[in-house]
Amino acid sequence: MRMPTIYWASLLVVLFVHACNAFYLPGSYMHTYSNGEPIFAKVNSLTSIETELPFSYYSLPYCKPNGGIKKSAENLGELLMGDQIDNSPYRFRMNINESVFLCTTPPLSEHEVKLLKQRTRDLYQVNMILDNLPAMRYATQNGVNIQWTGFPVGYTPQNSNDDYIINHLKFKILVHEYEGTGVEIIGTGEEGMGVISEADKKKASGFEIVGFEVVPCSVKYDPAVMSKLHVYDNISSVNCPLDLDKSQIIREHERVSFTYEVEFVKSDIRWPSRWDAYLKMEGARVHWFSILNSLMVIFFLAGIVFVIFLRTVRRDLTRYEELDKESQAQMNEELSGWKLVVGDVFREPDCSKLLCVMVGDGVQITGMAVVTIVFAALGFMSPASRGMLLTGMIILYLFLGIAAGYVSVRLWRTMKGTSEGWRSVSWSAACFFPGIAFVILTVLNFILWGSKSTGAIPISLYFVLLALWFCVSVPLTLLGGFLGTRAEAIQYPVRTNQIPREIPARKYPSWLLVLGAGTLPFGTLFIELFFILSSIWLGRFYYVFGFLLIVLLLLVIVCAEVSVVLTYMHLCVEDWQWCWKAFFASGSVALYVFLYSINYLVFDLQSLSGPVSAILYLGYSLLMAIAIMLSTGTIGFLMSFYFVHYLFSSVKID
C-alpha cells in the first residue's frame, strides 16, 4: 500500500514542476514588448533631500494625460512612505526613435511661478518610472561620475537670481531581445542567476526593457510656433543649449512648452541584471571593516564571559575534587560577592509590569527585524517592489503580537508566581510600543498636513491602521497572553528572603556603567547605520541586506555578552537589583543611535532646510531609537536572566 502512495506523490510533484514557470523574485514579472507597442511612463511624488517633504507631481504646471490623471494601486508601505504614483502623458513606442511635442502651458500665474521657483531652489526631483524602473541620470562632478534617480524640476545658475525649468527630456531606453527559448529567469536581485528550466517553449519573443536613462534640458521655444502643434506631433531633435538665453526661464506670463525625445538602444543586459545599475554596492570594504571591528569586540567580550563561567564551574567542582583548605578559602573569598545575594537575586524588580511589557514588545520588534532582514537578504523584498519592505514589516509585527503576549505574561507569572492580572499585562503589551508610535506619527502627520505634502497619511489609511491594530494585533497579543498563562512557569533555583538585603554603598553610580556599556553594541552598529540613514534621507537604494543580516547577528551576540558581563559585575558587588540594569546595559545603545542621528543631521544633512524638515527627521529618529532600545534591551535582559538562573542552579550554595 505504501508504494502506490509514493508513486502518486512523485507523479504529482513531477507534473507540478513541469507545469510551473520559474520566477524572478526582485520585482514584477518580466514583460516583453513587440515593435511599435506603446509604453507609458508613470510619475511618482516629487522629492527633495533638502526638505524631505514629498509633493504630488501634478502640483506643478506639467502636461496632463489625455484621459485624465489616474492613480496607480499602491500597497500599505507605498502609502506610508508618501509615494503617489500617477499616469503621465509620456508615451514611447518600442524601438521607434522620435522627438515629440507634449503641450504648451497657459501663461504662468504668479502662484505657479512662486511654486516652481520654490521647488527648484529646494532641489526637488521628478521621479519617473518605466516598466517598474526609475529614470536614471548620470552626471560628472569634480571628475567623478555620479548617478541619480530622477531629474531636477529646474536649476539656478551660479551668481544668478533667475531660475530655469527643465522642459525637454532626452530618454535612452535600453532593451534586450528575448528569444522565447524556454529559458526562464530566477534571481536573488543582487547578482541575478539565469536558470534553465523546461518551461513553456511557446512564449512569444519580444523586447524587455533593461534600462531607463534621462538627460534633462531647458529649452526656450517660440510659443506662437509650438501652439500650432498637437500632442505627440513630431518635432526636430534638440541639442541641450549651454547659453542661458536659449533656456526657458521661470517668469510670470511665460508660456512653457514641454517636449521629449527617445532613443532605443539594444543592450546585452539581461532581465535579472537590470537593477544592478541602481544597486551597485559602494563601500564594500567599509562594510567588511564594520564586521571585522564587531568580531574583535565579540571575541574580547566572549573572553570575559568565558572567564566568568570558568570561575563558577571551578567553584562547583571544589565540591568533588580534593583541594587544600587554603585554596578553598581563596575560592570562597573570590565568590563571596554574588554568593551573598542568593536570597535576593530573584526578588521582583521595581515596575515589574512595565519590564514585562517592554520585554514582550522587544521580542515582537526583534522577531520582525530578523525575519524581515532574512527575507530581504534572500531577495524577496527588493526595491523593484516599492513599499514591500515596509508592508512586510507591518504584517510581521501584527502577527508577532502573539509572541509579545506570551513572553510578557510568562515573565509576569515567573515574577509574581501567579497568573492574576495577565489580561492587563497583555493589553499593555499590545498598546505600549504601537501607542508611542501612533502618538509620534500623529504629531508628524499634522505637520505634513499643514505643509500639504503627499507624505501625510490620509484619514482613510488612519482607520485602516487602527483596524489592523485593534482587530489583528490586540486579539493576537491577548491570545499569546492566554497561552502564557497555560505555559509552565519558570521555577527559580533558590528561595527569596522576606527581608531585602541592603546594597553596599558605591564609589560611583551604577547608571554610569550601564550607559557606558551601550558604546560596545553601538560600535558594532554605527558604520551600517550610516548607510541606512543615507538610504532613508538621501534617497539612495539600500540593498546590502546580506551585510545587514551579519551585523544584526553580531549585534545580538554583543548585546547578550555586554549584559551578562555587567550583570555579573553588579552581583559581585552584592547589588541584586540587576533586572533593569541588564535591560538598559544593552538598551542604552539606543541613546547613542539617537545622538548619532543628530550628528548625521548636523554634519551630513547640511542641506536639510527649515524647522519642519528637522522636526520630521528627529521624530522618525526618536521612533527608531525607541524600537532599538526595546529590541536590544530585551536581548540583554533575557540573556542575563538565563545566565543568573544558570549561575544559581548549577552552583551549590551552603
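Predicted model: local features only at pLDDT ≥ 70, side-chain atom pairs only at ≥ 80, totals over all residues.

Colleague: Is Cys351 buried or exposed?

Modeller: Exposed, because the cut-off for that word is over 50% and Cys351 comes in at 54%. Cys471 is exposed too, at 58%.

Colleague: And what is a disulfide, in general?

Modeller: It's a covalent bond between the sulfur atoms of two cysteines.

Colleague: How many disulfides turn up here?

Modeller: A search of the whole structure gives 2. Counting bonded cysteines along the chain, the pattern is 1-2, 3-4.

Colleague: Which cysteine is joined to Cys63?

Modeller: That's Cys103, with an S to S distance of 1.9 Å. The link is left-handed, with -85 degrees about the S-S bond. Cys63 sits in the loop between strand S1 and helix H2, while Cys103 belongs to strand S3, so the bond ties together parts 40 residues apart in sequence. Cys63 itself is buried, at 6% relative accessible area.

Colleague: Where are the two cysteines of the pair Cys217 and Cys240?

Modeller: Here the sulfurs are 1.7 Å apart. Cys217 is in strand S15, and Cys240 is in the loop between helix H4 and strand S16. This pair links distant parts of the chain, 23 residues apart.

Note on methods. Residues numbered from 1 in each chain as written. Heavy atoms only, no water. Disulfide = S-S within 2.5 Å. Helix = DSSP H or I, 4+ residues; strand = E, 2+ residues; numbered from the N terminus. Buried < 20%, exposed > 50% of the residue type's maximum accessible area, 1.4 Å probe, protein only.
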